[in-house]
Amino acid sequence: MTHRNVLIAGAGIAGPALAHWLGRRHGMQATLVERAPAPREGGQTVDLRGAGRDVARKMGLDAPSGPTPPAKKVSASSTQ
Ligand SMILES: Cc1cc2nc3c(=O)[nH]c(=O)nc-3n(C[C@H](O)[C@H](O)[C@H](O)COP(=O)(O)OP(=O)(O)OC[C@H]3O[C@@H](n4cnc5c(N)ncnc54)[C@H](O)[C@@H]3O)c2cc1C
């Protein structure tokens with residue numbers, strides 16, 4: 001493959017994970033675009049288990065075992 005640049009639409013959980021693996025495994029340069037101006041504030045606990053947990057571990061994102069720390073409020077800024 002000669003083209004090393006890819007455009008990924010969507011910065012949910014799949015888009016950044018794809019960008020990570022295309023870069024790490026295949027040396028590709030990913031540009032990630034997201035149509036939403038900011039993260040959604042609503043939602044539930046992230047349910048990470050099974051294959052998802054294996055992938056997070058391989059990405060170095062696995063949480064240490066032990067008691068769950070209290071949730072932190074996340075804020076975001078927009079470049080628009
Ligand atoms: C009602 C509901 C409740 C859920 N509850 C839970 C839960 O409690 N815990 C849990 O772990 N999972 C939950 N899930 C599942 C979880 O939300 C999905 O598995 C996960 O979000 C899928 O991630 P994704 O990256 O594939 O897609 P998404 O999270 O949908 O991300 C896709 C992104 O792409 C963007 N996008 C789309 N089109 C374009 C475009 N043309 N250009 C640029 N950006 C674009 C969207 O704005 C979005 O940000 C729930 C799902 C639903 C529907």
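**Helices, strands and ligand**

Guide: This is a predicted model, by the way. Helix α1 (residues 14–26) has 13 residues and reaches 17 Å from its first C-alpha to its last, close to the 18 Å expected at 1.5 Å a residue.
Visitor: OK, and what follows α1?
Guide: G27 comes after α1, and its phi is positive, near 65°.
Visitor: What about α2, which residue follows that one?
Guide: That's G60, again with a positive phi, near 75°.
Visitor: Switching to strands. How many of the five residues in β1 are buried?
Guide: Zero there too: β1 (residues 5–9) is hardly covered.
Visitor: And how do β1 and β2 run, parallel or antiparallel?
Guide: Parallel, with five bridges joining β1 to β2 (residues 29–33). As an example of who faces whom, N5 stands opposite Q29 in β2.
Visitor: Which hand does the β-α-β unit have?
Guide: Right-handed; the unit is made of β1, α1 and β2.
Visitor: Now the ligand. Which residues are closest?
Guide: G10, G12, A14, Q44 and D47 are the closest, out of 15 residues that surround the ligand.
Visitor: How does that shell divide into nonpolar, polar and charged?
Guide: Seven nonpolar, five polar and three charged residues make up the shell around the ligand.

Definitions and conventions: Residues numbered from 1 in each chain as written. Predicted model: local features only at pLDDT ≥ 70, side-chain atom pairs only at ≥ 80, totals over all residues. Near = placed C-beta within 6 Å. Nonpolar A, V, L, I, M, F, W, Y, C, P; charged D, E, K, R; others polar. Helix = DSSP H or I, 4+ residues; strand = E, 2+ residues; numbered from the N terminus. Buried ≥ 20, exposed ≤ 12 C-beta atoms within 10 Å, placed from the backbone. Pairing = 2+ DSSP bridges. Right-handed = clockwise from strand over helix to strand, strands pointing away. Expected span 1.5 Å × (residues − 1).
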